[in-house]
Amino acid sequence: MDREAEIQEIIDRESRGYDEEDADLLLSVYHPDMVWAWPPTPTSYDPMDWVLRMGRYDEKRWRVLIERFFATHTIVHNHRVTRKIVVSPEGDGAFAVVDIDTLWRREAEGDTAWHDGSTEEHVIGRACKIYTLVNGEWKMLYQPGTMQYPETA
C-alpha cells in the first residue's frame, strides 16, 4: 500500500469537506481522541497563548459547531498545498505539512466561538497535521492551528 497516497487522500477529504460544506465528510477525518489547540493569531508561536475552542472530539458537539459555522459562513476560497508527507517506519503514524489559505465570509449572525466577530475568517499559513492508523483507517489525531512562519535563509 502507498501510505503517502493514503495520507494525501485524507488531506484532500478534509479540504473537500470545507469546500462542499459537508459536515459528514469533515467529521470522517477526526480521531476520537483529537484535541485541537489553536493560536489566537497566525504568528502566536508560543503555546502559552493558545486556546482550546472545542475540547476533546465529540461527534455530536463538533457537528453542531461545524454545521452552525457552515450555516453562517460562505467559503470564498480554499487553497491547500501539501508540502511534505512523512510516514513512520512502521507505517502506522504520519504527519503532513500543508500550506493553507482559506477565506470565509460571515453571511449571518452566528456563534463567535470560531472568530473574533469580524465578517471574515481568514485561515492562512502552514499546518502540521498528525495522523494515526486505527483499524486500517487513517484519522487526524492532532493539528496545531495554522501559523505563518518566518522565511528562513
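In what order do the strands of the open sheet run? The order is β3-β4-β5-β6, with antiparallel pairing across these 4 strands. Strands here are DSSP E runs of at least two residues, helices are H or I runs of at least four, and both are numbered from the N terminus. Two strands count as paired if DSSP finds at least two bridges between them.

This is a predicted model, where local features need pLDDT of at least 70, side-chain atom pairs count only at pLDDT 80 or more, and totals for chains, interfaces and linings use all residues. Residues are numbered from 1 along each chain as its sequence is written, and side-chain values use heavy atoms, with hydrogens and water left out.

Back to the sheet: β3 and β6 are the edge strands, each pairing on one side only. Then there's β5 and β6, which pair in the antiparallel sense over 5 bridges. They form a hairpin with 2 residues between them, and Asn135 in the turn has a positive phi of about 50°. Here are two of the bridges:

| Residue | Bridge partner in β6 |
|---|---|
| Ile130 | Tyr142 |
| Tyr131 | Met140 |

Now for the core. A nonpolar core is a set of buried Ala, Val, Leu, Ile, Met, Phe, Trp, Tyr and Cys residues joined through side-chain atoms within 4.5 Å; buried means under 20% relative accessible area (1.4 Å probe, protein chains only). The largest one has 31 residues, and Ile7, Tyr18, Tyr30, Trp62 and Tyr131 touch the most other members. Elements giving it two or more residues include α1 (3-19) and β5 (120-134).

How values were computed. Buried means under 20% relative accessible area, exposed over 50%, partly exposed in between (1.4 Å probe, protein chains only).
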